[in-house]
Amino acid sequence: LGGAVLYTKTYSNKFKLKGGLYYNREFWGNYIMPLLGFEWKASKNIYCWGLLPNSTTVDVSFNKLHTGFAYRGIEESYSESYNSYFHDREGHVKLYLNYYLINQKQKIGIVLLAEGGQSVSRLYEFKASTSDNISKYHPAENYFIRIGVAVRLITRGDFKLWPSQPI
């Protein structure tokens, strides 16, 4: 069981500030996280947004090409059996390049994606049902490269090759 409450205060058509709280019942216990978000159109071509502490993006657009910096925090837990779990926590810092193959009148488009970065703050925890001990492992930080294709469904009427959320 979980959920989030988020309040948005619009200061101008270029800046919004958000605050809230996230709760989820994980296998390892109650997870409560305060949220601080923002959306900022710094200029015609620069758009920044995030919901801290789990994500932030600085996007620079050149017509159909978008490039920028992003951080994604990942937190997951899996139950292996009754009273045992695996908990994964890590972050990804990356540079990305997105190219939109889209006709403005269509409601669907293709995005070519390329990104590269590094994992940060990795922590894996495991608790077996036969023990009260929690095993912790800090794997080495690693680099990654991703190349892909995504389909983007356009639901916003004001979409002008400026993503409201990262893909």
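Modeller: Before we start, a term: buried means under 20% relative accessible area, exposed means over 50%, and partly exposed is in between, using a 1.4 Å probe and protein chains only. This is a predicted model, where local features need pLDDT of at least 70, side-chain atom pairs count only at pLDDT 80 or more, and totals for chains, interfaces and linings use all residues. Residues are numbered from 1 along each chain as its sequence is written, and side-chain values use heavy atoms, with hydrogens and water left out.

Biologist: Okay, is N98 buried or exposed?

Modeller: Strands (E, at least two residues) are DSSP runs, numbered from the N terminus. Contact means heavy atoms within 4.5 Å, and leaving aside neighbours within four places in sequence, N98 has contacts with K64, L65, H66, V111, L112 and L113. Its relative accessible area is 10%, so N98 is buried.

Biologist: And N63, buried or exposed?

Modeller: N63 lies in the loop between β5 and β6 (65-81). Its phi is positive, near 60 degrees, and N63 isn't a glycine. Most residues other than glycine have a negative phi. With a relative accessible area of 60%, N63 counts as exposed.

Biologist: Which residues does the cis peptide bond with omega of about 15 degrees join?

Modeller: Most peptide bonds are trans. The bond joins L52 and P53.

Biologist: How many strands does the chain have?

Modeller: From the N terminus on, the elements run β-β-β-β-β-β-β-β-β-β. There are zero helices, and the strands come to 10.

Note on methods: Helix = DSSP H or I, 4+ residues; strand = E, 2+ residues; numbered from the N terminus.
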